[in-house]
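Reader: I want to learn how to read a model like this one. Please take me through it feature by feature.

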Amino acid sequence: MARVFSGIQPSGELHIGNYLGAVRNWVALQDTHECLICIVDYHAITQAYEPELLAQRTFDMAVSLLASGIDPARCILFVQSHVPEHTELSWVFTTVTPIGELERMTQFKDKSQRQESVPAGLLNYPVLQAADVLLYRAEIVPVGEDQLQHLELMREIARKWNARYREGFFPEPQAMLSQARRIAGLDGDAKMSKSLGNTIGLLEAPDRIWELLRPAKTDPARVTKKDPGDPEKCNLYSLHQYFSPPATVRDVAAKCRSAGWGCLECKRVLADNMAAEFAPIRERAAALKAQPERVHEILADGARRAHAMARETMDAVRAAMGFLPIQGARVRP
Ligand code: TRP
């Protein structure tokens, strides 16, 4: 089974953007691949964050992932900072990564523009990401399109390290793009994000889903109920395609084109279907939150398994690079 690695920042609860764009794929890949799913808390500190919220957000992300179907019996779910080799390998990789390549990354350019003083960690973000994947010598990385540039750099880092120290040791990981086309935020244009408040959390109650959906942007041509619309121009129609059964999707499109109903009625159906899909996820999340020690156990077990793999890679990396090993009676910690 080919090995898959993916990561997600500890933003707390998952929202429908993460769910459709990434997590649903990871859940499916567990049947066919050896999967490692990592909550990347060391990446999260490259931008302003609240230290007092980090642990809770990491825990909540684990709950959301488990509730969505990430299954610790079939994949390794763990927290990045629990496996110190991520930062260790990252340091090694900074020594084969050209600064110019890092400065070229569009995410770096975007994020650094908004800051007066740019931390080196923001520049090195993709190096840590390369270490995440290569530490497990994973070959497949399911990500969104926005990560393709980071993946390209990851392959370059693998090639450079291999060329200098040990040919063929690190694979060149391939991106696996999700089928889901990008869903815009409920406000119409921006990317869906929790901080922008333009999305729906996976664990929201049905009445809250409705509250968030009701004011959402639809095809601007539909000013009143009597104006026909074009479903292809309606962001909510794409949500119907994910959450409503095919017959409903056809019906929704027809009624939109013929002005057979209003957008509110259309949204009502979507809200109900979303609530139905999320109901079992909410239930599982509530059960997990009632037994936090179970979640901590799962993460500890994930860290233990990931750590064993990571240690092997780092031993090989240090040996290839010529470091003096610890020798003598005392065993390496
Ligand atoms: N940068 C990724 C994102 O923002 C998160 C991430 C960190 C990641 N490490 C990774 C994704 C390793 C895939 C593989 O979505």
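**Helix α12**

Author: In α12, the buried residues are Cys266, Lys267, Leu270, Ala271, Met274, Ala275, Phe278, Ile281, Ala285 and Leu288. Buried means under 20% relative accessible area, exposed over 50%, and partly exposed in between, with a 1.4 Å probe and protein chains only. Helices (H or I, at least four residues) and strands (E, at least two) are DSSP runs, numbered from the N terminus. This is a predicted model: local features need pLDDT of at least 70, side-chain atom pairs count only at pLDDT 80 or more, and totals for chains, interfaces and linings use all residues. Residues are numbered from 1 along each chain as its sequence is written, and side-chain values use heavy atoms, with hydrogens and water left out.

Reader: How should I read the spacing in such a list?

Author: An α-helix has 3.6 residues a turn, so residues three or four places apart point the same way.

Reader: How far apart are the end C-alpha atoms of α12, and what should the helix span?

Author: The expected span is 1.5 Å times one less than the number of residues. Helix α12 (residues 263-290) has 28 residues, so it should span 40 Å; its end C-alpha atoms are 38 Å apart, which agrees.

Reader: Where in α12 does a kink lie?

Author: The bend at a residue is the angle between axes fitted to the seven residues ending there and the seven starting there. In α12 a kink of about 40° lies at Phe278, shortly before Pro280. Phe278 is also one of the buried residues of this helix.

Reader: Now the ligand. Which residues surround it?

Author: A residue counts if one of its heavy atoms lies within 4 Å. The shell consists of Phe5, Ser6, Gly7, Val40, His43, Tyr125, Gln129, Asp132, Val133, Val141, Val143 and Gln147. α7 gives the most, with four residues.

Reader: How much of the ligand does the protein bury?

Author: Areas come from the Shrake-Rupley method with a 1.4 Å probe. Alone, the ligand exposes 370 Å², and the protein buries 87% of that.

Reader: And Ile326: buried or exposed?

Author: Ile326 is exposed, with a relative accessible area of 53%. Ile326 is found in the segment after α13 (292-321).
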